[in-house]
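Please view the sequence and the model together before reading the points below.

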Amino acid sequence: MMAQNDLVVAGIDVAKDKVDGCIRSLSLRRTFANTAEGRRELASWLRRKKVGKAVMEASGGYEREWAKVLRDARIEVRIVDPKRVRSFAQSAGRLAKNDTIDAEMIAWFAETFDEARGQAYDATREQLHQMVNARQALKDMQTKLASQGEHALPAAVQRIHARISKTIAVELVKIEAEISAMIQATPRFTELAEIIESVPGLGRVTSAALIAAMPELGQANNKIVASLLGVAPYDDDSGRRRGERHIKGGRRRTRNMFYMACLGAATQHNPVLKAFYDRLVAKGKLKKVALTACMRKLISILNIMIERRQKWDAKRYAVS
């Protein structure tokens, strides 16, 4: 029986040196080497079997070349969170794990969860996303070195750290300039950046991160956008028990960056958001809880602003 209204779906398990493919509805499995020829063979195999959608897990970047070849072959590609697939496998009682089993479980997961078509592939946005991630990796290294420098270290180690820190600082300036140039060279990104940066407290780094990692802004409802960012509260109730609400999931790197921007906006730079934050704290909310609420409010406001193509207006976007 074909899943998803007769759409043939394939699960692809990506490893460093190969992929395993499974077309579960046809009981077919094959392994392909991670080479240009192997990628062409996979695309050809899927086309011959009339596969309309290929689903693979995010694999630290190893999936990108495979996804590109399949998209070029006009096969829809979905990249899914490995945690979701593993949780699905465990719920089905499939505790064993190897590459062949994983490919089958990805296919089964894709057949079971017939979700709406995702965002169209955008090569320019993906390049921007990689640059934003590279910048963050440099910032993480810079922070780690600064933390290590707080402790007594041999002089030789201090000199090494100083040279590395200087190099990182230079490269940060370069990549930030590249990111800004890319946004300025892409009219649709420029428009988004102008809208986001019109909000007091949000600058170029935050706007670049949101443009790169949140293409749904302005296209989905506020609840979905909050969930994608990872600031939507989830219930934890059972019977008469009412548990605390906690945020879960979402795009961790983007949420972390947005958290830092929102911290400054809610405590210093944005009078509207600061009034909301102060009001929550005065009511007895923990500061971290109040800040999470501010993040949820702000991403919802940004969602509306981008949908309407409007810049920040303190009167229009006052929060209560």
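**Sheet, cavity and aromatic pairs**

Strand β1 (residues 8-14) runs antiparallel to strand β2 (residues 18-23), and the two are paired over four bridges. The model is predicted: local features need pLDDT of at least 70, side-chain atom pairs count only at pLDDT 80 or more, and totals for chains, interfaces and linings use all residues. Residues are numbered from 1 along each chain as its sequence is written, and side-chain values use heavy atoms, with hydrogens and water left out.

**The sheet**

- Strands (E, at least two residues) and helices (H or I, at least four) are DSSP runs numbered from the N terminus, and two strands pair if DSSP finds at least two bridges between them.
- G11 has C22 in β2 as its bridge partner.
- Five strands form an open sheet with mixed pairing, in the order β3-β2-β1-β4-β5.
- Because β3 (28-33) and β5 (76-80) are the edge strands, each with a single partner, one side of each has no neighbour in the sheet.
- From one strand to the next, the twist averages 25 degrees.
- Helix α4 (residues 99-112) packs on the sheet and touches β1, β2, β3, β4 (51-57) and β5, where contact means heavy atoms within 4.5 Å.
- The direction of α4 makes about 140 degrees with that of β1; axes are lines fitted to C-alpha atoms, for helices over the stretch in contact, and angles run from 0 to 180 degrees between N-to-C directions.

**The cavity**

- One cavity of 30 Å³ or more is present; a cavity is a set of points on a 1 Å grid over the protein atoms alone where a 1.4 Å probe fits but cannot get out, and lining residues have an atom within 4 Å of a point.
- The lining of the largest cavity includes H129, N133, R253 and M257.
- α5 (123-148) gives the most to this lining, with four residues.

**Aromatic pairs**

- The whole structure holds three aromatic pairs, meaning rings of Phe, Tyr and Trp (its six-membered ring) with centres within 6.5 Å; planes under 30 degrees apart count as stacked, over 60 as edge-to-face and the rest as tilted.
- F32 and W45 make a tilted pair, 5.6 Å centre to centre with 45 degrees between the planes.

Technical notes
1 Å grid on protein atoms, 1.4 Å probe; cavity = no way out; pocket = protein on both sides within 12 Å on 5 of 7 lines; lining within 4 Å. Points joined across faces, edges and corners; volume = space filled by probe spheres on them.
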